[in-house]
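Dear colleague,

Please find below the sequence and structure that I am handing over to you. My findings follow directly after them.

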Amino acid sequence: MVDWSQFLTNGGTRIDFGRVAEVGVGTVFGAVFTGIVSVLLGLVDIPLALLGGLTNFLASVVGIVAGLPAVIVERGWTAAIPFVLDAGPAGYVAGLSIALVTLYVIAQVVSRVRE
Amino acid sequence: MSASGAGGPRVQDLFNRAASADSLGGVIFQGIGAILLAVGTAIASGVLSIADVVIVPLNALTGAAGQLIDAIFGGAAQIIDFGAIATALSIGPGGMFNLGPFSFALGIGAVLLGLYVLIAYLSEEPTGNFVPGIPFDIPTPGFTGPEEDEEEN
């Protein structure tokens, strides 16, 4: 809190106009500096917001493009489940065979790409 | 930050700061310090934002790669699990292939058949052909298998 006695002098019977003026001018200077800082940060926010938008856009594009294979693979597995469930006693062998064939294809493609 | 009228909280705060300062020089010194701090904050925010342009998409790529790995191997495990459940249900009580006293033998047979498929897969000779067992290779333009490389040498 403000110590109001700083604006009084002569035992509290006179007003210290020098100090009042000093605080008044200080308040104005404070407002000026606050305005400068606000304008500076506001101006900087413009390119930062653009960069933030670009970042979110890139993240969305990468997430969609790179996430599509996972969705396709999941749909493929899901489509194979009814076949396995209908296979009766051969369901275990059918599920194992589907998994092994898929892993074989993945291994072949990966080995060819690495060559 | 919204604008406030004369005597509002923002002006009150500025007045309090000016009154708490020892002199006018102190207020100016604090103001210049605030500007320098704002410049530093702006530069730091800019650097972090530029770094985010690379880091955030890379994080998305990492998450997608993790989802793909999970979809491939998690899906394989899931379908094997469903197959085992289907086998168990079909030979169990009330199942379509419940053979009574021979259900146990059928279950063992199903497990051994699965084991046989697994061992047959693991014991398969390495081949450069895309599909093993056929006398020719399925061409994959742009990517050659190991046998094609050996023939070139």
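A residue is counted as buried if 20 or more other C-beta atoms lie within 10 Å of its own. By that criterion, 20% of the 115 residues in chain A are buried. Please note that this is a predicted model.

As to secondary structure, chain A contains 2 strands and 2 helices. Read from the N terminus, their order is β-β-α-α.

The two helices of chain A deserve a description of their own. Helix 1 and helix 2 of chain A pack with their axes 8 Å apart, at an angle of about 150 degrees. Since angles over 145 degrees count as roughly antiparallel, helix 1 of chain A and helix 2 of chain A are therefore roughly antiparallel to each other. On the side of helix 1 of chain A, the contact involves Ala80(A), Phe83(A), Val84(A) and Leu85(A), which meet Gly91(A), Ala94(A), Gly95(A) and Ile98(A) of helix 2 of chain A. By class, the residues of this contact are 6 nonpolar and 2 polar, with no charged ones.

I turn now to the interface between the chains. Here 58 residues of chain A are in contact with 61 residues of chain B. On the chain A side, the elements that contribute two or more residues are helix 1 (17–85) and helix 2 (91–114). Helix 1 of chain A provides the largest share of that side, namely 36 residues. The residues with which chain A touches chain B comprise 38 nonpolar, 16 polar and 4 charged.

With kind regards

Technical notes: Residues are numbered from 1 along each chain as its sequence is written. Chains are lettered from A and ligands numbered from 1 in the order in which they are written. This is a predicted model: local features need pLDDT of at least 70, side-chain atom pairs count only at pLDDT 80 or more; totals for chains, interfaces and linings use all residues. Two residues are in contact if their C-beta atoms, placed from the backbone, lie within 7 Å. Helices (H or I, at least four residues) and strands (E, at least two) are DSSP runs, numbered from the N terminus. Ala, Val, Leu, Ile, Met, Phe, Trp, Tyr, Cys and Pro count as nonpolar, Asp, Glu, Lys and Arg as charged, and the others, Gly among them, as polar. A residue is buried if 20 or more other C-beta atoms lie within 10 Å of its own, exposed if 12 or fewer, and partly exposed in between; C-beta atoms are placed from the backbone. Axes are lines fitted to C-alpha atoms, for helices over the stretch in contact, and angles run from 0 to 180 degrees between N-to-C directions. Angles under 35 degrees count as roughly parallel, over 145 as roughly antiparallel, 65 to 115 as roughly perpendicular and the rest as oblique.
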